[in-house]
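User: I would like to go through this structure with you. Could we begin with how the model should be read?

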Amino acid sequence: MKVGILGSGDVAKSLAKGFIKHGHQVAFGTRDTGKLSEFIAAHPTAKALSANDAADFGDLLVLSVKGDVAETVLAGVQHQLSGKVVIDTTNPISDAPPVKGVLQFFTGPNDSLGERLQARFPQARIVKAFNSVGSGLMVDPQFADGKPTMFVAGNDTAAKADVGEILNQFGWEVADMGAIEASRALEPLCQLWCIPGFINNQWSHAFRLLK
Ligand SMILES: NC(=O)c1ccc[n+]([C@@H]2O[C@H](COP(=O)([O-])OP(=O)(O)OC[C@H]3O[C@@H](n4cnc5c(N)ncnc54)[C@H](OP(=O)(O)O)[C@@H]3O)[C@@H](O)[C@H]2O)c1
């Protein structure tokens, strides 16, 4: 599969490694391809392109940019989104500092970045995923107690099945939380995940749903 990754940060690079490991072709979309020269030298099959070219390249897209520019970045590639699955890894983190270890969001409780993106870009098949764990644990997470759970949400069942296959390849159990409005519950998992980090410098955990 050809994967276009919009972003050049830790999440973009971590997921790119996972896709490459599992035999997929990867192109990053960034304003500054030079940022990725070290990564490309280490992973020569990957390409660093403009956002437009990466969106053209990808049959599947990954959105891994800062939350407050997510709408702007997708708007820039809106003509390449039609019918494509877009894995939305973003969280609506505001620039204000955390309060006692709790990240501040620019969305409210009855709103989410995932649903804002899906409403603005109905031609895209957005699946919220990978937003509730640190980038270092996104691919092949290893825990003594077994596989952790990745919560996903989106309106398109087939798109969620495709993303579920990728998550299974990457070593996750998948919990489908329903429509994109479930991002209202998934995005705060990022706040919860970060609290032990900010308070105790503990960043090596993940969530698991016990049934
Ligand atoms: N870091 C984590 O462990 C983690 C875990 C789960 C979810 N997330 C979420 O995943 C997303 C990516 O996180 P990250 O830590 O990898 O990166 P980040 O530092 O949140 O964002 C970096 C990316 O944002 C883009 N960006 C920043 N300002 C921009 C602007 N004005 N216009 C266009 N693009 C802009 C950059 O694009 P250029 O390449 O063009 O500079 C870069 O690719 C975020 O929404 C974050 O909340 C992060």
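Analyst: The conversation below covers reading conventions, cores, the ligand site and several loops.

Analyst: This is a predicted model, in which local features need pLDDT of at least 70 and side-chain atom pairs count only at pLDDT 80 or more, while totals for chains, interfaces and linings use all residues. Residues are numbered from 1 along each chain as its sequence is written, and side-chain values use heavy atoms, with hydrogens and water left out.

User: Which residues have the most contacts inside the largest nonpolar core?

Analyst: They are Ile5, Phe19, Phe28, Ile87 and Phe130, within a core of 42 residues. A nonpolar core is a set of buried Ala, Val, Leu, Ile, Met, Phe, Trp, Tyr and Cys residues joined through side-chain atoms within 4.5 Å. Buried means under 20% relative accessible area, exposed means over 50%, and partly exposed lies in between (1.4 Å probe, protein chains only).

User: And which elements give two or more residues to this core?

Analyst: The strands are E1 (2-6), E2 (25-29), E4, E5 (85-88) and E7 (149-154), and the helices are H1 (10-21), H6 (157-169) and H8 (188-200). Helices (H or I, at least four residues) and strands (E, at least two) are DSSP runs, numbered from the N terminus.

User: What is Ile5 in contact with, leaving aside neighbours within four places in sequence?

Analyst: Ile5 is in contact with Ala12, Leu15, Ala16, Phe19, Val26, Ala27, Phe28, Gly29, Val62 and Ser64. Contact means heavy atoms within 4.5 Å. A second, separate core has 18 residues, among them Leu81, Leu113, Ala124 and Ile180.

User: Is Leu60 buried or exposed?

Analyst: Leu60 counts as buried because its relative accessibility is 3%. Leu60 belongs to strand E4, residues 60-63. Not counting residues up to four places away in sequence, Leu60 touches Met1, Lys2, Val3, Gly4, Phe19, Val85, Ile87 and Ile166.

User: Turning to the ligand, which residues come nearest?

Analyst: Ser8, Thr30, Arg31, Lys35 and Val65 come nearest, out of 24 residues around the ligand. A residue is near a molecule if one of its heavy atoms lies within 4 Å of it.

User: Where are the ligand's oxygen atoms relative to polar atoms of Arg31, Lys35 and Lys66?

Analyst: A polar side-chain atom of Arg31 is 2.8 Å from a ligand oxygen atom, and for Lys35 the corresponding side-chain distance is 2.3 Å. At Lys66 a polar backbone atom is 3.1 Å from a ligand oxygen atom. The ligand taken alone exposes 880 Å², of which the protein buries 75%. Those areas come from the Shrake-Rupley method with a 1.4 Å probe; for residues, only the protein chains shown count as cover.

User: What does the side chain of Lys66 contact?

Analyst: The side chain of Lys66 makes a polar contact with the side chain of Asp95 at 3.2 Å. A polar contact is a pair of N or O atoms within 3.5 Å; within protein, one must be able to donate a hydrogen and the other to accept it, and residues adjacent in sequence count only if both atoms are side-chain atoms. Lys66 sits in the loop between E4 and helix H4 (70-76), and counts as partly exposed because its relative accessibility is 48%.

User: Where does Thr30 lie?

Analyst: Thr30 lies in the loop between E2 and helix H2 (37-42), and counts as buried because its relative accessibility is 10%. The Thr30 side chain reaches the backbone nitrogen of Asp32 at 3.0 Å. Beyond its neighbours within four places in sequence, Thr30 is in contact with Ser8, Leu36, Leu49, Ser50 and Ala51.

User: Which residues other than glycine have a positive phi?

Analyst: Lys100, with a phi of about 50°, is one of them, and Asp140, with a phi near 55°, is another. Lys100 is in the loop between E5 and helix H5 (113-120), and is exposed because its relative accessible area is 77%. Asp140 is in the loop between strand E6 (125-128) and E7, and counts as partly exposed because its relative accessibility is 26%.

User: Finally, what do the buried residues of H5 pack against?

Analyst: They pack against E4, H4, E5, E6 and helix H7 (183-186). The buried residues in H5 are Leu113, Gly114, Glu115, Leu117 and Gln118.
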